[in-house]
Amino acid sequence: MPDITLTAVVLLCVAALAAGWIDAVVGGGGLLLLPALLLGLPAGGQAAQFALGTNKAVAIVGTTGAAVTYARRTPVDVGTAVKIGVAALAGAGGGALVAAALSADVLKPVVMLVLLGVGAFVILRPAFGTVPSAEPVSRRRVLAAIGIGGVGIGFYDGLIGPGTGTFLVLALTAILHLDLVRASATAKIVNCCTNAGALAMFAWKGTVFWQLAALMAVFNLAGGMLGARTALKHGSGFVRVVLLTVVFALVVKMAYDQWLA
């Protein structure tokens, strides 16, 4: 357990609960959880690595709980989701390798423009993701989802990271013609694959505070299961509102990191 105050531990657990809820509904819980860990953990030479490692150990529990909750209540193509997840894991590894040689700051303005475009698209297309297509998903669309949603977004996750879950929900909705609730459910299974791969690397490096992660994971699990049930109860219209909120929060955060931090 790191040397931090009881107040900091309580605040980190609250952040884990809220992040689990956000992540289960539409992705983007890391926007809250990772900064909270960076602020709450003691400063040091490996502070960022421990924050990243502990974040993955917490997030994988909440993501798994959300995935199970979704799978029990809504039809999910688990096989396709796992294929996309394996592709995303490979893509994230490639992105991480490129990140070592390329500054992510160069790409952040481009990502911000893409996010603004996505936000405008969702606003101007109120029917987007509200009703799933009745047509069976073709093999071409599944391959496109594996390539774009898996390799492409996985590469982005390894290279930059913020908003990966949100991008994944949007990609699955657009490519596989899912409604936003089923897209969120599928994204959770993909996230389980990518989180497992990332956590294995952090565990191998020894940069996880396991006791703190176990405590926070309980709250993240509760938030994840509650978020999944909230999305299932209120439907795609509710998910759409949360999606837009997270998209614009991403833009603000990335703009702050790029020009003001």
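Predicted model: local features only at pLDDT ≥ 70, side-chain atom pairs only at ≥ 80, totals over all residues.
Trainee: At what angle do helix α8 and helix α9 pack?
Mentor: Two packed helices are described by the angle between their axes and the distance between the axes. Helix α8 covers residues 180-205 and helix α9 covers residues 210-259. Their axes are 10 Å apart, and the angle is about 160°.

Trainee: Are α8 and α9 roughly parallel or roughly antiparallel to each other?
Mentor: Angles over 145 degrees count as roughly antiparallel. The angle for this pair is about 160°. α8 and α9 are therefore roughly antiparallel.

Trainee: Is the crossing of α8 and α9 right-handed or left-handed, and how many residues of their contact are nonpolar?
Mentor: The crossing is right-handed. The contact residues include three polar and one charged, and the nonpolar ones number nine.

Trainee: Where is Ser 236, and is Ser 236 buried or exposed?
Mentor: Ser 236 lies in helix α9. Leaving out residues up to four places away in sequence, Ser 236 touches Gly 129, Thr 130, Asp 179, Leu 180 and Val 181. Buried means under 20% relative accessible area. Ser 236 has 8% relative accessibility, so Ser 236 counts as buried.

Trainee: How do α3 and α8 cross, and how many residues of their contact are nonpolar?
Mentor: The axes of α3 and α8 come within 8 Å and cross at roughly 145°. This crossing is left-handed. Residues of α3 in the contact include Gln 49, Leu 52 and Tyr 70, while those of α8 include Val 181, Cys 192 and Phe 202. Seven contact residues are polar and two are charged, and the nonpolar count is 15.

Trainee: Where is His 177, and what is its phi near?
Mentor: His 177 is in the loop between α7 and α8. With a relative accessible area of 32%, His 177 is partly exposed. Most residues other than glycine have a negative phi. His 177 has a positive value, near 60°.

Trainee: Is Thr 69 buried or exposed?
Mentor: Thr 69 is in helix α3. Apart from neighbours within four places in sequence, Thr 69 is in contact with Met 225, Ala 228, Arg 229 and Leu 232. At 5% relative accessibility, Thr 69 counts as buried.

Trainee: Is Val 86 buried or exposed?
Mentor: Val 86 is found in helix α4. Exposed means over 50% relative accessible area. The value for Val 86 is 52%, so Val 86 counts as exposed.

Conventions:
Residues numbered from 1 in each chain as written. Heavy atoms only, no water. Axes fitted to C-alpha atoms, helices over the stretch in contact; angles between N-to-C directions. Helix = DSSP H or I, 4+ residues; strand = E, 2+ residues; numbered from the N terminus. Parallel < 35°, antiparallel > 145°, perpendicular 65-115°, else oblique. Left-handed = near helix turned anticlockwise from the far one by under 90°. Nonpolar A, V, L, I, M, F, W, Y, C, P; charged D, E, K, R; others polar. Buried < 20%, exposed > 50% of the residue type's maximum accessible area, 1.4 Å probe, protein only. Contact = heavy atoms within 4.5 Å.
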